[in-house]
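Me: I am new to this one and would like to go through its salt bridges with you. Could you show it to me?

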Amino acid sequence: MNPPETIQGLLNTSLQYELYGNLVFQLNKDFRLANVDFDVESTILPDELKIQLHETVFQLIQNAFAEYLNLLYIIDVSETQIKSLDGSDTLKLSEQVTFLILKREWQKVWFKHQYK
């Protein structure tokens with residue numbers, strides 16, 4: 001399966017395959033492992049999840065860069081993909097990183113579902 005190319009597409013795909021709850025669970029789990037304060041209910045709406053995740057990533061980049069890097073490591077976001085992003089606009093950067101985080105978490109959920 002090819003991963004979706006937008007945050008909204010990814011969230012819609014997770015809903016379509018009825019794996020949205022698993023995606024939220026995986027996000028909470030990995031953020032907890034990285035000791036980052038991000039814990040959302042499994043019933044959170046996709047648009048609200050996107051907003052909260054984006055705000056958290058933005059705050060980490062601005063105020064806790066070491067924790068941000070640790071989170072990317074825990075989630076296993078590709079270093080090459082991160083390095084290819086333009087960091088001149090922090091808001092845009094945080095949105096792109098949010099997508100990369102969701103995409104990687106979606107891959108984990110998808111593979112667990114396919115090969116369980």
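**Salt bridges and burial**

Reply: Happy to! Lys108 has a relative accessible area of 15% and is therefore buried (buried is under 20% relative accessible area, exposed over 50%, partly exposed in between, with a 1.4 Å probe and protein chains only). This is a predicted model, where local features need pLDDT of at least 70, side-chain atom pairs count only at pLDDT 80 or more, and totals for chains, interfaces and linings use all residues. Residues are numbered from 1 along each chain as its sequence is written, and side-chain values use heavy atoms, leaving out hydrogens and water.

Me: How many salt bridges are there?

Reply: A salt bridge here is a side-chain nitrogen of Lys or Arg within 4 Å of a carboxyl oxygen of Asp or Glu. Counting by that rule gives four.

Me: Which residue meets Lys108 in a salt bridge at 2.7 Å, N to O?

Reply: The pair links distant parts of the chain, 78 residues apart, with Lys108 in helix H6 (residues 90-114) and its partner in helix H2 (residues 20-33). Helices are DSSP runs (H or I, at least four residues), numbered from the N terminus. Both residues are buried, and the partner is Asp30.

Me: Is Glu105 buried or exposed?

Reply: Glu105 also forms a salt bridge with Lys108, at 3.3 Å from N to O. The two are three residues apart in helix H6, so about one helical turn separates them. Because its relative accessibility is 0%, Glu105 counts as buried.

Me: Which residues do salt bridges with shared partners join into one network?

Reply: Lys108 pairs with Asp30 and with Glu105. The network consists of Asp30, Glu105 and Lys108.
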